[in-house]
Each structure stands twice: as C-alpha cells, then as structure tokens.
There are 2 protein chains.
Amino acid sequence: MIELKTYFSKELPGINRFLESETAKLDGLVQQVAAHVLLGGGKRIRPILTMATARALGCAETNLLPMACALEMLHTATLLHDDVLDGAELRRGTRAAHLKFGVNETILSGDVLLALANQLGASYGKARISWLLAEGIMATATGEVMEIATLGTPEVDRQTYLDIIIGKTAKLIETACCCGAVLATDDPAAEDAAGAFGLNLGIAFQLVDDALDYVSRTENTGKAVGGDLREGKVTLPLILLLEQMDGSEAASLLAKLRESTLTDQEINSILATVDEKGYAAATRQEAADYILKAKTALAFFPDGLEKNVLEQAADFVLAREK
Amino acid sequence: MIELKTYFSKELPGINRFLESETAKLDGLVQQVAAHVLLGGGKRIRPILTMATARALGCAETNLLPMACALEMLHTATLLHDDVLDGAELRRGTRAAHLKFGVNETILSGDVLLALANQLGASYGKARISWLLAEGIMATATGEVMEIATLGTPEVDRQTYLDIIIGKTAKLIETACCCGAVLATDDPAAEDAAGAFGLNLGIAFQLVDDALDYVSRTENTGKAVGGDLREGKVTLPLILLLEQMDGSEAASLLAKLRESTLTDQEINSILATVDEKGYAAATRQEAADYILKAKTALAFFPDGLEKNVLEQAADFVLAREK
C-alpha cells in the first residue's frame, strides 16, 4: 500500500490546513465546537477519496481542497448530531463535544458545518455537486432514524441492517466519490462508476467497523468494546449469533437489548460467544465481498496512480484494525 | 392589502400541495415528524416572498414551487432544532415535535428537511442558489448559538440583540428574496436589492415577534405571553426596560434571568411595566424604521403586481397581531 500511504502523507497536511483555516473563520462558540471535533483527529478517508477520484478521472480543477474538505465537514456534522443522539461519551478517543460544549451548541454547530460544507461545494459553480451533497445528507440522516427506529423492534434482519449501514455510512462515501467524479467530467457513466466504488467501499467500511466493535480495545478505536451491544444496536456479528439461537432464546436476548436490561455478565458472555464462533471474522468476510464489488467498479477508471491509490484504499478499509 | 391577500389565496394551495407531496416521499418516521411540523400550519411568508420576488424581477421560470417550498422547509428545519434547544412545549399552537416523536428523531428529521431543501434548490441548476441557501442556514444557526451564549452573559446591548435577530431570523428571509432574484436574473444589483428588502423585512418581522411576545395571548400566537422572559431571552422590550433601571436593579434582574429564578409575581410585574411604559409599542416603532428601509430597497423593482404584493407584505409584517 505504498502509493496509498504516500498519497495520504502528501495530501493530509493540506487537508488539515484547509480545515483549520475554515474553522478559524467560524463564530466564537461554533468555532470551538468545530475545532474540537474537526481538528481532533479522524482518518480523512472521505477527502482523500474525493481527491483521488477526481484526479483518477482526469480532473482539470487544481483546487480540490474545498470539495474534499466539504465531505470531511459533512461527516463531522453527522458525528456531532450522532453523538448527541447516542449520548456517546467518547469520540475519536476524546470527550464528545456535547459533554464539553452542551447539547444545544453541538446541534447548532453541526448545522453550521453542514451549511459550510454545502457552501464549499457550491463554490465550484456546479449545481450537481449541491444536489449530491444534499442526497448524501438526506440518506445519512434517514439511515440514522431507521437505526433508532429498529432499536425498539423485535428483530433486525440482514436486509434491514444493510439498509441502515448504506444510509448511515455508505451513502456519504458514495457522495465523496461522486463529487470527485463530477468535478472531473460531466459523463454520467463516470459518476456511476465512482458511486458504485464508493457505495460498496462504504458498506465494507461499516461492516469492518461493526466487526471491530466486537473485538477492538478502546486504545485502538477510541470506543469501548461491545459498545453497539450496550447501546442495543443489532449489527451483523449479533445477527449471525441470533440466527444460530433457537427462537425463544433469540427473543429473550432481543427483549433485553430493547429494554437495556442486559447485565455486564450477559454482555461479556455474548462477546465471548461472538469471538469463539468467529462472527466478527465472518462479518469481515462479508466486507470482503463488497470490496470486490468496489474494485470491479474501478474497471471504468483509466490506469494510473490514483486508480492504484483507490484500489489500495479498498484494501486498507478491509484490513484495518482500528 | 387586497393584492397581498389575493396573492396568498392564489398561491397557498399550490404551496401546501407541493409540501404535502414532498413530505409523502420521505421515509417512515421522518415523514411523520416532517408532516407534523411542515403541514401543521405556518404563515408561508418565506415561499410567498420567493415567488413574488422572482416574478417582480421578471422571472421566466414558471415552476417556482420547489424553490419557494425549499425556503419553508429550511425554516421548518430550524424550528425543529430550535424547539429541541428551547425545550419548547408548543409550536404553531400544537405539541412540539420533540415531545411527540422524540429528540433524536426530531434532530435527524430537521437534518433531512435541510437536505431536501438544498436538493430542491440544486434542481434549478444554479450553484448560486445552493450557496445562498448554505449562507442562510449558517447565519441562522450561528445566530441561535449567539442567542444561547448570551443567556449566560451579564448584559445584552442593542447591537448584540440586533446581531442575534439578523442571524436567527432576518438572514433566512433575505435568502428567500435573494433566491427569487437569482431565479429571475444574474444581475447582482437585483440580488442586492432583493436581499436588502428581505433583510430589513426580516429584522422588522423579529422585532414585531418580540413585541408580540410581551402582549399576545396564547390563542393568537400559539405561544404563552412572556415566553421570552421566562426563557431568559433578552429582547428589545426588556432592553428598553433595563435601560431605564438603575445599575443595581438591572444587574439583579439580569442575574435572576440568568439563573432562572424569577418568580411568577416578578414576571407579571415586568410584563405589567413593559405594557405600562409602552416598550412593546416602542419595539414595533423600531420595526417601522426597518420596514421603511425594506420599502426603499424595492425602488429597484419595476412597478407591477408583485412589487405591490411585496410592499403590502412589508405592511402586513408591521401590522400583524399574531
């Protein structure tokens, strides 16, 4: 993955500088909240995807930073709202914004970041970009509502789970790639290929995230192990476990999830079973199928450095341990 | 105001039908939240302003509903987030969405409406529209953060108050008029004139709102009288009162506002004094100055039905009793 690593090393300083300078322009308290979450870390996968996709498709526009960073801002805005919803205590290994700055300030700062991202996108003079950004935000928020709604339902099947992760994660990564494509060309086939790459990569990304939630330590991901289970979120490792249980056992577990009445002992027992049966590994295997689809979509792209970078990004998403 | 009334009567059914059909396309729970607040009433001032401005400036585009309704959606999205922040119990005379559907669902539904509005705006293929919508949202959220921040400060002077109401109210009305102008013409002078009309109209609108908060009954506005005072919001009628108090008296009142320790008796006494001294009327007089500025900006507009409608809208904003 040498080209991917070199690409990240080369682009990250510019991305971070741009995010810093945009954050510095924001008003008082909003600036503090934005700086806390936007400059406090993050893999910057979305902006790198936007830049690499644009260049892979022969983009003539040299100033890609506003577009790329718009995607990071959208992502960050959804994190701000998401953490308020989850009542999360940690984000990127540090204290969640709503605990530090207040719920109201965090919601509104999320709104400001959403708007700033839209404005950066609009600055290219292509309405299609604004349309895509809106589509991405809508899908993300709708996916999160769907996830919340399922917290109270008796069962989440694989299809519902897939719909949720497409909405809450994959669509915005699709958007990141589509925006890069639109900057490069008006060819709808290019946008379609970029979108297919991003969507499948995004599904794989969330599958790996959900696998890691069952195996990772806090020092790796900044989140506690088994966090999804504790929050009552039904993700693929748990679905695989539920599919192996008999009906009444599964119903009892789901009821406890719904009512948040799982004891620490029960949680540890579930974590141990998922580990023992290899359901986290099976989830990662599922991710591998989507990575294959993502790479297939890249066939449309001309050979070159950026195509290699995107292929390696797909490998990285699958292999990551945090 | 016969032309304004006729214009509203003619356009409102189309606006409401469009909002209904867009709401119907949304996903499950988001649809319910959106329908509750978007279809539950509202004056539809912003969409009417967008349509009238576009036509006044000779707009050739015949399908103005998506643009006009985008402004209503943006406004509604800010109401959803705002009510969560305020912990408001009533909105448009009915139960606030967050109490009926949950805080999380309401925040995310607000995000979906923001995005849907952006998408409708982007559908005209003019990036300037997306830029303006983003600017409007950013200003609105920033104004609200500023308002929250001042709840804890010892004093709000007239300038701070003006900055807050420009942000939280006037900028989005400016946006409504600017978007109409951009649909009609690429002439920046037209956009400037439309923006100046909208901004001053919006300032007046909020001044009247803040005056009404001190005099209106619940049956008129759907809000309890003295609501701002109870929430610790310092608006112009109270600023006028504070300016007449001696230093220690004002400091004591501000401290009680900050700490939410005003008794019902003290609140009633303040309401009575504001009434007796005519500070609500003085606030409305201040609004009259901005209405004059708004009308002056209309000098740029060619004479015709829509210019009359906009002038009458300015009169209506100033005269309204609910």
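Predicted model: local features only at pLDDT ≥ 70, side-chain atom pairs only at ≥ 80, totals over all residues.
Residues are numbered from 1 along each chain as its sequence is written, and chains are lettered from A, ligands numbered from 1, in the order in which they are written. Local features need pLDDT of at least 70, side-chain atom pairs count only at pLDDT 80 or more, totals for chains, interfaces and linings use all residues, and side-chain values use heavy atoms, with hydrogens and water left out.

Student: How are α1(A) and α2(A) oriented to each other?
Tutor: Helices here are DSSP runs of H or I of at least four residues, strands are E runs of at least two, and both are numbered from the N terminus. Helix α1 (residues 2-24) and helix α2 (residues 28-38) of chain A pack at about 165 degrees, their axes 9 Å apart; axes are lines fitted to C-alpha atoms, for helices over the stretch in contact, and angles run from 0 to 180 degrees between N-to-C directions. Angles under 35 degrees count as roughly parallel, over 145 as roughly antiparallel, 65 to 115 as roughly perpendicular and the rest as oblique. The angle therefore makes α1(A) and α2(A) roughly antiparallel.

Student: Which residues make that contact, and how many of them are charged?
Tutor: Contact means heavy atoms within 4.5 Å. From α1(A) come L19(A), T23(A) and A24(A), and from α2(A) come Q31(A), A34(A), A35(A) and L38(A). Ala, Val, Leu, Ile, Met, Phe, Trp, Tyr, Cys and Pro count as nonpolar, Asp, Glu, Lys and Arg as charged, and the others, Gly among them, as polar. The contact has 5 nonpolar and 2 polar residues; charged residues: no charged.

Student: What is the handedness of the crossing of α1(B) and α2(B)?
Tutor: In chain B, the axes of α1 (residues 2-24) and α2 (residues 28-38) come within 9 Å and cross at roughly 165 degrees. A crossing is left-handed if the near helix is turned anticlockwise from the far one by less than a right angle, and right-handed if clockwise. For α1(B) and α2(B), the crossing is right-handed.

Student: Which residues of α9(A) meet α3(A)?
Tutor: The axes of α3 (residues 45-56) and α9 (residues 188-212) of chain A come within 12 Å and cross at roughly 155 degrees. That angle makes the pair roughly antiparallel, and the crossing is right-handed. On the α3(A) side sit I45(A), R46(A), L49(A) and T53(A); they meet A194(A), F197(A), L201(A) and F205(A).

Student: What is the volume of the largest cavity?
Tutor: On a 1 Å grid over the protein atoms alone, a cavity is a set of points where a 1.4 Å probe fits but cannot get out; lining residues have an atom within 4 Å of a point. Grid points are joined across faces, edges and corners, and a volume is the space filled by probe spheres set on the points. The count is 10 cavities of 30 Å³ or more. The largest has a volume of about 120 Å³.

Student: Which helix supplies the largest share of the lining of the largest cavity?
Tutor: Of its 17 lining residues, T150(A), V156(A), G232(A), K233(A) and V234(A) are the closest to the centre. By class, the lining has 8 nonpolar, 4 polar and 5 charged residues. In chain A, α7 (127-151), α8 (158-184) and α13 (247-259) each supply at least two residues. The largest share, 4 residues, comes from α8(A).

Student: Which helix gives the most to the lining of the second largest cavity?
Tutor: About 80 Å³ of space lies in this cavity. Its lining includes E147(B), T150(B), Y161(B), K168(B) and D210(B). The lining divides into 6 nonpolar, 2 polar and 4 charged residues. The most, 4 residues, comes from α8(B).

Student: How far is R284(A) from V208(A) in space, C-alpha to C-alpha?
Tutor: R284(A) lies in helix α15 (residues 279-297) of chain A. Leaving out residues up to four places away in sequence, R284(A) touches V208(A), A211(A), L212(A), L318(A), A319(A), R320(A) and E321(A). R284(A) and V208(A) are 76 residues apart in sequence, and their C-alpha distance is 5.5 Å.

Definitions and conventions: 1 Å grid on protein atoms, 1.4 Å probe; cavity = no way out; pocket = protein on both sides within 12 Å on 5 of 7 lines; lining within 4 Å.
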